[in-house]
Amino acid sequence: FKSAPLHRILVHMNKPSDNLLAGALFRAVGHATMALKPTWSLEQASHSVYKFYLNLWFDELKLPEYKSEMTFMDGSGITGKNSVTARAFLATLKRFVKKDYFEDLWNSMPIAGVDGTLWYRLKSSSVKGKVRAKTGTMYGHYQLAGYIPRMKADGKTVRDVVPFVILTEGPGTQAYA
């Protein structure tokens, strides 16, 4: 099948945190694999493809110890079966900055105090309009990962970005920063 370019899909998926679209994208990746393993479910096929490419990614980065620290069982994370350590997530975010597609990722992320799932966060802070991050919220779990730009002396031009990861587990109540 043919779809819109991935960078356009990412904006529609990441800004509002569209779990349905994230799940569909995850399953689409595994769809072709099912021809090789017809006994697999679509989720098993997708998980297998993601695991294969994560392992290649960490081998390429010469960080094999992170292979066991990222598991994706669905595209959105709402099943609660996905897992990642903060250090593996941070290592990944650091490497994204150096990739050709970083600008597409950057443009797809919600902007603090401006849009997406961060429109209501950090509105009256000095990072409003600067921090780009992806949220992840489930009952009792509140995650935030993204980038804080380092500005040039003019205060208007981004020099580089600093990745950050905040993974929390708290009482089963909804809370926002």
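A salt bridge is taken here as a side-chain nitrogen of Lys or Arg within 4 Å of a carboxyl oxygen of Asp or Glu. The model is predicted, so local features need pLDDT of at least 70 and side-chain atom pairs count only at pLDDT 80 or more, while totals for chains, interfaces and linings use all residues. Residues are numbered from 1 along each chain as its sequence is written, and side-chain values use heavy atoms, with hydrogens and water left out.

**Exercise 1. Find the salt-bridge partner of glutamate 60 and state which parts of the chain the pair joins.**

Step 1. The whole structure holds six salt bridges. In one of them the side chain of glutamate 60 meets that of lysine 99, with N to O at 2.9 Å.

Step 2. Glutamate 60 belongs to helix 3 (residues 42-60), and lysine 99 to the loop between helix 4 (86-96) and helix 5 (102-108), so the bridge ties together parts that are 39 residues apart in sequence.

Step 3. Check the exposure, where buried means under 20% relative accessible area, exposed over 50%, and partly exposed in between (1.4 Å probe, protein chains only). Glutamate 60 is partly exposed at 49%, and lysine 99 is partly exposed at 24%.

**Exercise 2. Describe the bridge between arginine 87 and glutamate 69, and classify each residue as buried, partly exposed or exposed.**

Step 1. The side chains of arginine 87 and glutamate 69 meet at 2.6 Å, N to O. This pair links distant parts of the chain, 18 residues apart: arginine 87 is in helix 4, and glutamate 69 is in the loop between helix 3 and strand 1 (70-71).

Step 2. Arginine 87 has a relative accessible area of 43% and is partly exposed. Glutamate 69, at 13%, is buried.

**Exercise 3. Identify the strands joined by the salt bridge of arginine 150 with aspartate 160, and the network that includes both residues.**

Step 1. The closest N and O atoms of arginine 150 and aspartate 160 are 2.9 Å apart. Arginine 150 is in strand 4 (residues 141-151) and aspartate 160 in strand 5 (residues 158-169), so the pair ties together parts that are 10 residues apart in sequence.

Step 2. Both partners are partly exposed: arginine 150 at 38%, aspartate 160 at 30%.

Step 3. A network of salt bridges links Arg150, Arg159 and Asp160.

**Exercise 4. Characterise the packing of helix 1 against helix 2.**

Step 1. Helix 1 (residues 6-14) and helix 2 (residues 19-31) pack at about 145°, their axes 9 Å apart. Axes are lines fitted to C-alpha atoms, for helices over the stretch in contact, and angles run from 0 to 180 degrees between N-to-C directions.

Step 2. List the contacts (heavy atoms within 4.5 Å). On the helix 1 side are Leu6, Ile9, His12 and Met13; on the helix 2 side are Leu21, Ala22 and Leu25.

Step 3. Sort these residues by type: six are nonpolar, one is polar and none is charged. In this scheme Ala, Val, Leu, Ile, Met, Phe, Trp, Tyr, Cys and Pro count as nonpolar, Asp, Glu, Lys and Arg as charged, and the others, Gly among them, as polar.

**Exercise 5. Examine histidine 47 and its contacts.**

Step 1. Histidine 47 is in helix 3 and is partly exposed at 22% relative accessibility.

Step 2. Leaving aside residues up to four places away in sequence, histidine 47 touches Phe26, Thr71, Phe72 and Met73.

Step 3. Glycine 30 is 17 residues from histidine 47 along the chain, and their C-alpha atoms are separated by 7.3 Å.

How values were computed. Helix = DSSP H or I, 4+ residues; strand = E, 2+ residues; numbered from the N terminus.
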